[in-house]
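Student: Could we go through this model together, step by step, with each term given its cut-offs as we reach it?

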Amino acid sequence: MWNAARFAASSLTRSTRRFSTAIPGPCIVHKRGADILHDPWFNKDTGFPLTERDRLGLRGLLPPRVISFEQQYARFMESYRSLEKNTKGQPEGVVALAKWRILNRLHDRNETLYYRVLIDNIQDFAPVIYTPTVGLVCQNYSGLFRRPRGMYFSAKDKGEMMSMIYNWPAHQVDMIVLTDGSRILGLGDLGVQGIGIPIGKLDMYVAAAGINPQRILPVMLDVGTNNQKLLEDRLYLGLRQRRLEGEEYISIVDEFMEAVHTRWPKAIVQFEDFQMKWAFETLQRYRKRFCTFNDDIQGTAGVALAGLLGAVRAQGRPLADFVKQKIVVVGAGSAGLGVLNMAVQAVARMAGNGEAAAKYHFFLIDKDGLVTKERKNLDPMAAPFAKEPGAIDGLREGASLVEVVKKVKPHVLLGLSGVGGVFSQEVDTFSIAFGYILQPPYHLK
């Protein structure tokens with residue numbers, strides 16, 4: 001008998017590489033009858049041959065005709081294409097949710113077929129299971145909820161997390177994606193509804209990276225929400241309280257991390273979509289004790305730095321030229337500051353100078369303009385990148401992006417802000433005149 005993990009491995013090993021996710025031999029099932037049909041890990045719908053139906057107590061619980069896995073695959077794809085055809089002309093959001101629902105229903109009943117469909121059609125389905133559709137799903141998750149997926153740890157579970165972690169049926173977990181729902185994409189605080197992000201991201205890891213789907217765990221850490229609309233929503237599934245702060249908050253995260261490490265000491269814990277103050281705090285707090293990283297800070301930064309270095313090479317210039325480039329970063333959130341940190345470290349190492357000298361070539365702009373040390377209530381995370389007053393003649397605190405571009409003439413513009421309209425026509429026109437190409441999200445010379 002096959003299952004999702006076995007298929008995910010075998011389908012990927014059709015290339016020249018071998019993956020550790022392979023499960024040799026047949027899969028032993030310790031269930032019988034309707035319990036198998038209700039378990040998406042083992043359910044094959046009408047694909048059970050008659051011999052298996054007899055052995056597993058399924059005869060009579062399914063229609064008599066045996067429909068192969070390939071036929072089920074073709075039937076699903078036909079239904080999906082039919083859905084696309086029938087929803088033409090309808091609002092984009094309605095179509096996106098309809099596509100998500102049909103994939104989610106397949107995920108609920110047959111994991112093997114779901115991941116096969118996902119792996120074979122990743123280009124088409126990635127925007128459905130993750131961005132941009134996942135944002136819409138999170139906004140409506142309480143109404144869309146049908147079947148639990150992942151685990152939920154809340155402030156009400158304090159003192160119980162060590163026992164709760166053993167409620168997860170998988171004996172081994174390699175990858176955990178964790179969110180507290182405080183900053184979901186550019187949508188802000190969505191509370192417990194942010195669980196859609198870990199679910200979607202882990203499905204992407206399975207389909208695109210070959211991670212064993214039986215060894216992943218999406219987690220929601222519900223410490224309340226400050227979204228008044230959700231608190232008043234009768235369908236909202238999370239705690240109806242304001243978000244915990246300070247020591248109360250960090251004690252919840254501490255307990256969860258200890259519980260995870262106790263059961264799965266080698267599991268990777270990825271922090272996803274935490275508001276900036278907690279994103280940096282938790283990264284510094286746990287990075288030397290547990291196997292963990294923050295995707296918004298480190299993941300985005302890694303991709304951006306690779307793009308910056310690649311752009312230098314693409315121009316036929318030596319990588320050493322990277323240290324001479326002036327770079328303007330628009331956006332002082334966790335992504336913008338994460339990119340700045342990593343880029344400054346790279347310049348410092350390549351140039352052999354300290355980070356203080358490397359920062360001279362970097363300029364940080366947020367929704368209030370150029371960040372300088374004259375700013376009142378300067379965020380501690382942004383403070384290391386704030387310019388000294390008068391460092392650039394003619395640029396003051398809060399200078400606009402247009403003013404900075406005209407005065408600095410940067411080699412690179414990086415757009416990492418959720419604020420709309422920052423890259424105006426005036427910025428585009430001026431930049432093109434100086435040979436820049438502005439193309440969100442990364443703006444490279």
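Tutor: Two strands pair if DSSP finds at least two bridges between them, where helices (H or I, at least four residues) and strands (E, at least two) are DSSP runs numbered from the N terminus. This is a predicted model, in which local features need pLDDT of at least 70 and side-chain atom pairs count only at pLDDT 80 or more, whereas totals for chains, interfaces and linings use all residues. Residues are numbered from 1 along each chain as its sequence is written, and side-chain values use heavy atoms, leaving out hydrogens and water.

Student: In which sense do E7 and strand E8 run, and how many bridges join them?

Tutor: Strand E8 covers residues 369-370, and E7 and E8 form a hairpin with 2 residues between them. Within this pair, Ile365 of E7 stands opposite Leu370 in E8. The two strands run antiparallel, and the number of bridges that join them is 2.

Student: Which residue of E7 is the bridge partner of Val329?

Tutor: Strand E6 (residues 327-330) also pairs with E7, here in the parallel sense and over 4 bridges. In that pairing, the partner that Val329 has in E7 is Leu364.

Student: How many of the residues of E7 are buried?

Tutor: A residue is buried under 20% relative accessible area, exposed over 50% and partly exposed in between, with a 1.4 Å probe and protein chains only. In a regular strand, side chains alternate between the two faces of the sheet. In E7, Phe362, Leu364 and Asp366 on one side are buried, as are Phe363 and Ile365 on the other. E7 is therefore covered on both faces, and of its 5 residues the buried number is 5.

Student: Why does Asp366 count as buried?

Tutor: Asp366 lies in strand E7, which spans residues 362-366. Asp366 counts as buried because its relative accessibility is 19%.

Student: Which side chain makes a polar contact with the side chain of Asp366?

Tutor: Contact means heavy atoms within 4.5 Å, and by that criterion Asp366 touches Ala332, Val371 and Arg375, not counting residues up to four places away in sequence. A polar contact is a pair of N or O atoms within 3.5 Å; within protein one must be able to donate a hydrogen and the other to accept it, and residues adjacent in sequence count only if both atoms are side-chain atoms. A polar atom of the Asp366 side chain lies 2.8 Å from the backbone nitrogen of Asp368. The side chain that makes a polar contact with that of Asp366, at 2.4 Å, is Arg375.

Student: Which strands lie at the edges of the open sheet?

Tutor: The open sheet holds 5 strands with parallel pairing, in the order E1-E3-E2-E4-E5. Strand E1 pairs with strand E3 (residues 216-222) over 4 bridges, and Phe153 has Leu221 of E3 as its bridge partner. The edge strands, each of which pairs on one side only, are E1 (151-154) and E5 (292-294).

Student: Which residue just after H11 takes a positive phi?

Tutor: In H11, 10 of the 14 residues are buried, including Ile197, Leu202 and Val206. Just after this helix a positive phi of about 80 degrees is taken by Gly210.

Student: What percentage of the residues of the chain count as buried?

Tutor: The chain holds 19 helices and 10 strands. Among its contacts between residues at least 6 apart in sequence, 67% join residues at least 24 apart. Of the 445 residues of the chain, the part that counts as buried is 51%.
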